[in-house]
Protein chains: 2
Amino acid sequence: MRIDDLDTPVLTADLDAVERNISRMQRYCDEHGLALRPHVKTHKLPELARLQVDAGARGIACQKLGEAEIFADAGFDDILISFPLIGQAKIARLRALAERARVCVAVDSDEGLDALAGADVGVLVECDTGGGRTGVQSPEAAANLAARTKRLRGLMTYPMPPGAGAWLRRALDLIGDVQTVSVGGTPTAHTAHELGVATELRVGTYVYGDRASLAGGVTTLEDCALRVLATVVSTPTRDRAILDAGTKALTSDPASGADGFGLLVEHPEAAVYRLNEEHGIVDVSRSERPPRIGDRVSVVPNHACGATNLHDEIVLHRDGIVVETLPIRARGRIR
Amino acid sequence: MRIDDLDTPVLTADLDAVERNISRMQRYCDEHGLALRPHVKTHKLPELARLQVDAGARGIACQKLGEAEIFADAGFDDILISFPLIGQAKIARLRALAERARVCVAVDSDEGLDALAGADVGVLVECDTGGGRTGVQSPEAAANLAARTKRLRGLMTYPMPPGAGAWLRRALDLIGDVQTVSVGGTPTAHTAHELGVATELRVGTYVYGDRASLAGGVTTLEDCALRVLATVVSTPTRDRAILDAGTKALTSDPASGADGFGLLVEHPEAAVYRLNEEHGIVDVSRSERPPRIGDRVSVVPNHACGATNLHDEIVLHRDGIVVETLPIRARGRIR
């Protein structure tokens, strides 16, 4: 069966491109002595994580405990949960998880550290090196938190803004040697070695690529594996075409460096300028041959991780020939 | 059990508010001689659609065939699919659906009409009265398309911009009497009778309300039934708090008339200014008593339909006491 025969909208990934992406990132890490810990939030598929680990990855990173449970069920035994775990219900589940896998958890507060008491897990102190999200605010604060636990494995940051290396170096000077300095983010992945302190790279999006990766110049269209296949269902005017893929197939996530809501591969001159839940509204005014009702198009989503989370399944293919349809087992694991 | 005891993030709906919303919209329709056809894309729950039909609704509207199939399975037998159905796979499923329910389909093109040949379904000609999405572009085009089918039930439009009434009246002058003139959209629902031509109102969001409804003044916080309960998992600075609810719990959908990504009920002075998949990043600089790690908060999502589509289940409650947890059966039905 060809992917052209699938009903739309449908999420697909080019397995050849996936394998190239896995191989390239592993090679980069090997060349620079970095452990690779793929973030499985991008694909949410044990099957692809297996390819990543078989290619040499150290273990996996999960954003949520519910994802980690799915991957532990699938036999993965080295798991970083890169999100603060707060609340009794989560800690009870974490303890159970730690009985069947080596688990490490990100911590950025006294409360977060105290919550882990009694759970057999390692600790990475999360550092805000400029991302402005979670993380302790100074190398001194990192050292203070690190000093409070006997389970310290090291430090973690995301993303890697300029200055992140010096920030982490200062913290290490205060703390002393640690096992792990984990840094993350596909857009700047290939600069991780330049930080001078990283031992581990956490990246997710690289496995598929997306429109943000294209806009950032870190992938090519050929290596960008992910597509939402869609059908033109209406052409109300010469300049407007409507796809059967909206926010429920693509998300309304923006792509840094690109306008609109996806790249139409067959019509790069067109702009997906508005989405409703089921409608993708496309400006085809610049198309010499605008798409017609019934035409099929391939959309590169703005954000791979967000798009994946919307779909119950993904169709893997090689050269357009369907290889396998996989349930996206860790989809929707928000707790 | 109280909803305060549920692990977070979790989607909840206040059943008392839901019932008030259903009753109020039904009363409006009854007073103005309009049939009410709730759009089930908002809740995706046969159980709530049953409440709507029991309160007097004519039938239901679905955006996708896959939603219609779920609701037909649950016994609903009067279904409008308000989206063009294009492609053989969809038409085969439509025929099967039409054997167990009265089905009507929106059409805005010759191709869309031709595709329905042989399916035992009614046809509504979709009219673009200013929304700029799908729909024929003029009353004359509506009349031409209407003249091509013996299965015509009437006209449909969404939303209802100024001039929609005159547009539809002109089309009816050309076409003659029809059974149904279906108009839609919660924001302007209570002006449907002023169009002078509507026989049916399609609305979805009214059942829950959301931040856009609040911003538009069409609901109150008390009647806004939907909340995502979240936990503060990090407070990296005095002015920043991080929730365990990001785009995977709230969507990155914007709310017309409001900035950011959700209303924090307990901290209306705070702003959810950025979301990542699992992180809600909140500016609490204006909070006299900013939330602390472990605090629970209630978030009114920007967009009820989008948020619902992310969650596998919803917890219904009255006054905070859990009544029932329902699987969101039509979630993710994108085809």
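Strands here (E, at least two residues) and helices (H or I, at least four residues) are DSSP runs, numbered from the N terminus, and two strands pair if DSSP finds at least two bridges between them. This is a predicted model, where local features need pLDDT of at least 70, side-chain atom pairs count only at pLDDT 80 or more, and totals for chains, interfaces and linings use all residues. Residues are numbered from 1 along each chain as its sequence is written, chains are lettered from A in the order in which they are written, and side-chain values use heavy atoms, without hydrogens and water.

Start with chain A. Its open sheet has eight parallel strands in the order E2-E9-E8-E7-E6-E5-E4-E3. Strand E2 (35–38) and strand E3 (60–62) of chain A each have a single partner strand, so one side of each has no neighbour in the sheet.

Now zoom in on E3(A). Three bridges join E3(A) to strand E4 (residues 78–81) of chain A. Pick A:Ile60 and you'll find A:Ile79 of E4(A) opposite. Next, show helix H3 (residues 65–73) of chain A: H3 lies across E3 and E4 of chain A, at about 170° to E4(A). That angle, on a scale from 0 to 180 degrees, is between N-to-C directions of lines fitted to C-alpha atoms, for helices over the stretch in contact (heavy atoms within 4.5 Å).
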